[in-house]
Amino acid sequence: MNDSVTLPRYMTRFRCIAERCEDTCCSGLKVPVSPAQERRMRTTLGDTPHLADGFLQMRPDGGCPFLDPERMCSLQRRHGEALLPDICATFPR
């Protein structure tokens, strides 16, 4: 039995263009954070206002608070994929 997953070709070739993109994938989302993920994030980040009621608290403009000036994920850049909420870990970055 083959356990490999066949992805659509566009997903295997996707590359984020970050600040050159006219939009961002990390905006306008409601990102759930499980209790285990929240504990892991708070252990790593300390007290952060970006986590509340089981969700990432987006900025007033709807963007993710963890996007850096280059519009890349600062969580992944600084701490690796293991710290990302599940939805972010499966979203193409």
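Asp-47 counts as exposed, at 74% relative accessibility, where exposed means over 50% relative accessible area, buried under 20% and partly exposed in between, with a 1.4 Å probe and protein chains only. Asp-47 also forms a salt bridge with Arg-42, with the closest N and O atoms 3.4 Å apart; a salt bridge here is a side-chain nitrogen of Lys or Arg within 4 Å of a carboxyl oxygen of Asp or Glu.

Please keep in mind that this is a predicted model, in which local features need pLDDT of at least 70 and side-chain atom pairs count only at pLDDT 80 or more, while totals for chains, interfaces and linings use all residues. Residues are numbered from 1 along each chain as its sequence is written, and side-chain values use heavy atoms, with hydrogens and water left out.

**Overall layout**

- The chain has four helices and two strands, taken as DSSP runs numbered from the N terminus (helices are H or I with at least four residues, strands are E with at least two).
- Along the sequence, these elements follow the pattern α-α-β-β-α-α.
- Of the 93 residues in the chain, 24% are buried.
- The chain's accessible surface comes to about 6,700 Å², and carbon and sulfur atoms hold 55% of that area; the areas come from the Shrake-Rupley method with a 1.4 Å probe, and for residues only the protein chains shown count as cover.
- Among contacts with a separation of 6 or more, 52% join residues 24 or more positions apart, a contact being heavy atoms within 4.5 Å.

**Salt bridges**

- By the rule above, the count comes to five salt bridges.
- Glu-38, Arg-42 and Asp-47 are linked in a network of such bridges.
- Arg-42 and Glu-38 both lie in helix 2, four residues apart, which is about one turn of the helix.
- Arg-42 is partly exposed, with a relative accessible area of 27%.
- Asp-61 and Arg-59 meet through their side chains in another salt bridge, at 3.2 Å from N to O.
- Asp-61 is exposed at 56% relative accessible area, and Arg-59 is partly exposed at 32%.

- Gln-37 has its place in helix 2, which spans residues 35-45.
- Is Gln-37 buried or exposed? Gln-37 is buried, because its relative accessible area is 4%.
- Leaving aside neighbours within four places in sequence, Gln-37 is in contact with Pro-32, Leu-84, Pro-85 and Asp-86.
- Ser-34 is found in the loop between helix 1 (9-13) and helix 2, and counts as partly exposed at 29% relative accessibility.
- Ser-34 and Gly-54 are 20 residues apart in sequence, and their C-alpha atoms are 6.2 Å apart in space.
- Thr-48 lies in the loop between helix 2 and strand 1 (51-52), and is buried with a relative accessible area of 9%.
- Not counting residues up to four places away in sequence, Thr-48 touches Arg-42 and Phe-66.

**Cysteines**

- How many disulfides does the structure hold? The structure holds zero disulfides, a disulfide being a pair of cysteine sulfur atoms within 2.5 Å.
- The sulfur of Cys-73 has its closest cysteine sulfur in Cys-64, but the distance is 6.3 Å and therefore too far for a bond.
- Cys-64 is buried at 10% relative accessibility, whereas Cys-73 is partly exposed at 22%.

**Rings and charges**

- Lys-30 lies over the face of Phe-55, at 4.3 Å from the ring centre; the rule asks for NZ of Lys or CZ of Arg within 6 Å of the ring centre and within 35 degrees of the ring normal.

**Backbone with positive phi**

- Most residues other than glycine have a negative phi.
- Asp-53 has a positive phi of about 55° although it is not a glycine.
- Asp-53 is found in the loop between strand 1 and strand 2 (55-56), and counts as exposed at 75% relative accessibility.
- Arg-71 is not a glycine either, and has a positive phi of about 60°.
- Arg-71 sits in the loop between strand 2 and helix 3 (74-79), where Arg-71 is partly exposed at 27% relative accessibility.
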